[in-house]
Amino acid sequence: MIWDRKHETMSRSDLHALQLERLQAQAANVYDKVPFYRQRFMEHGLTSGSIRSLDDLARLPFTYKRDFRDNYPLGLAAVPRERIVRLHASSGTTGKPTIVAYTAGDIETWTEVMARTITSGGVTKNDVVHNAYGYGLFTGGLGFHYGAERIGATVIPVSGGVTKRQIMLIQDLGSTVLCCTPSYALYLAEAAAEMGVDLRESSLRVGIFGAEPWSERMRKEIEAKLGLKALDIYGLSEIIGPGVSVECEHQCGLHIFEDHFLTEIVDPATGTPLPAGQRGELVLTTLTKEALPVIRYRTGDITQINIEPCACGRTIARMAKPSGRTDDMLIVRGINVFPSQIETVLLQVEGVQPHYQIVVDRQHTLDDLEVWVEVSDTVFADEIRGLEALERKIRDELHNGLGIAARVKLVEPRSIQRSEGKAKRVVDRREVYSS
Amino acid sequence: MRVTQISVFLENRPGRLANLLQVLAQAKVNLRALSLADTADFGIARIIVADTAAAMEAIRRAGLTAATTEVLRVEVPDVPGGLENTIVVPLAEAGVNIEYLYAHSGRPSERAEVVLKVDRLEKAEQVLKDRLANGA
């Protein structure tokens, strides 16, 4: 099913004309309103009128995650504070989060792309949407909420946690649509089984799962255990939140809402744009964002683009499920975690040496983040309780700084492998990407 | 009475204690007492040796994390109630808290020996010395 037939099925030439018009306006806008972009443009010999064709996009400078940090909290905003109606936040690469802003117009755009997203799963006003994405600073909860309300579905804003109550509500309220991270979907199935409940017998028929990478094998497992069709959704807060792309019922790639998000694939090493069909790093430009326009954002996600029309009728490009990252970012229970963030927190704890390792595993379907820290003479005393207090302190600091529950394990000095050059900080035992 | 104890941080997995003991054996350090405290992930091996300096050097060279602590080594009459009457009750009466206590390698005599860590070292030492002087 298609929510916005005009924008989702327009001819490629009409789409390109619309994109060019919007890109020209956006480039002029950021040049005028955002000192950061004006400076970058000038460094590249560009002005507000340098875009004459879509090919000129490649002349614009890239924007990186670190640019958000360097301009924290709202230095990249293109509108005055009084026009901003909402802020959300996601992880930064170090201590400070990435703050993203929305005008009323941005909320409208976001609501529309989420209405398209949810409709793509065949969801209508007759459905009951169990929304277990976290409500709050994370964009998942409210993004889905607004989109589901827009199409007139009944939304249950259950947010995360209290799993037994979630299972009861799914049964009692006759939920037909499940929105959450894929790992939480599996966890729900497992918890239900422990309660003697078989969710395959519930009314659930569609799941829209995202905020973390997941493999095709995991899709099959979710579909088998929950008795629903599992669709992948992609988005990131720097661009808008969820609602950048989504699968349709054919499950053959995620349709990108290209009238709002201009898409490129580049060689991650050189930044050179690659032709359609080649695998590389996804780069997105927001064509219509008002509060926080982003030019050529390097997402770090590896994928490829297919511009063939889909059997569902959409003409917009499809991206493959991301197959990896260009950097060392981890996504743990839907939360982005950079090893550098963990290091920042650890080094703030007195006496902790910068020798650590992050071990991610999927225990009982939910991700488990373990941080191994070497115990040096400076923190070691004769007492067990002193070491336990150290473990607790590190765990609390990680929770405060990253918003994530990590298990801290103290290990002997030199037990963490040393390597020349870049240390191997992360051991990821999960199979989150399809090979 | 006062002796230096070495505490060594060990991960709670097979082979770690063996590694420590090998390090000590190679340094020709003889163990007089050993106690292990453990949690799920890690443990602390507490040892008393004849040559503390040599043991510490060997441990450090092996890359292990260790610390030294002043503890008390006390003889106990090897009779029922000996530990209670000689050490535990007098210290409790003096308001000294025993944090942990373990047996020292006994000699074939009528007296056993224990090692104890207390919160107030000097006070405890005084209490126990007085006790001995009074012919306990």
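How many residues does helix 2 of chain A have, and how far does it reach from its first C-alpha to its last? In this predicted model, helix 2 spans residues 12–33 of chain A, which makes 22 residues. The reach is 31 Å, close to the 32 Å expected at 1.5 Å a residue.

Now look at which side chains of this helix sit inside. Gln19(A), Leu23(A), Gln26(A), Ala27(A), Val30(A) and Tyr31(A) are the buried residues of helix 2 of chain A. Viewed down the helix axis, these buried residues fall within an arc of 125°, so they line one face of helix 2 of chain A. The face directed away from the buried side carries Glu21(A) and Asp32(A), both exposed.

What does the buried face pack against? The partners of the buried residues of helix 2 are helix 3 (35–43), strand 10 (261–266) and strand 11 (280–286), again in chain A.

Next, step back to the whole chain. Chain A is divided into domain 1 (5–326) and domain 2 (332–428). Their C-alpha centres lie 31 Å apart. Domain 1 of chain A brings 13 residues to the contact, and domain 2 of chain A brings 16 residues. On the domain 1 side, helix 8 (residues 182–194) of chain A supplies the largest share, with four residues. Which classes of residue make up that side of domain 1, where it touches domain 2? Eight are polar, three are nonpolar and two are charged.

Key
Residues are numbered from 1 along each chain as its sequence is written. Chains are lettered from A and ligands numbered from 1 in the order in which they are written. This is a predicted model: local features need pLDDT of at least 70, side-chain atom pairs count only at pLDDT 80 or more; totals for chains, interfaces and linings use all residues. Helices (H or I, at least four residues) and strands (E, at least two) are DSSP runs, numbered from the N terminus. The expected span of a helix is 1.5 Å times one less than its number of residues. A residue is buried if 20 or more other C-beta atoms lie within 10 Å of its own, exposed if 12 or fewer, and partly exposed in between; C-beta atoms are placed from the backbone. The arc is that of the directions from the helix axis to the C-beta atoms. Two residues are in contact if their C-beta atoms, placed from the backbone, lie within 7 Å. Domain bounds come from an automatic or database domain assignment. Ala, Val, Leu, Ile, Met, Phe, Trp, Tyr, Cys and Pro count as nonpolar, Asp, Glu, Lys and Arg as charged, and the others, Gly among them, as polar.
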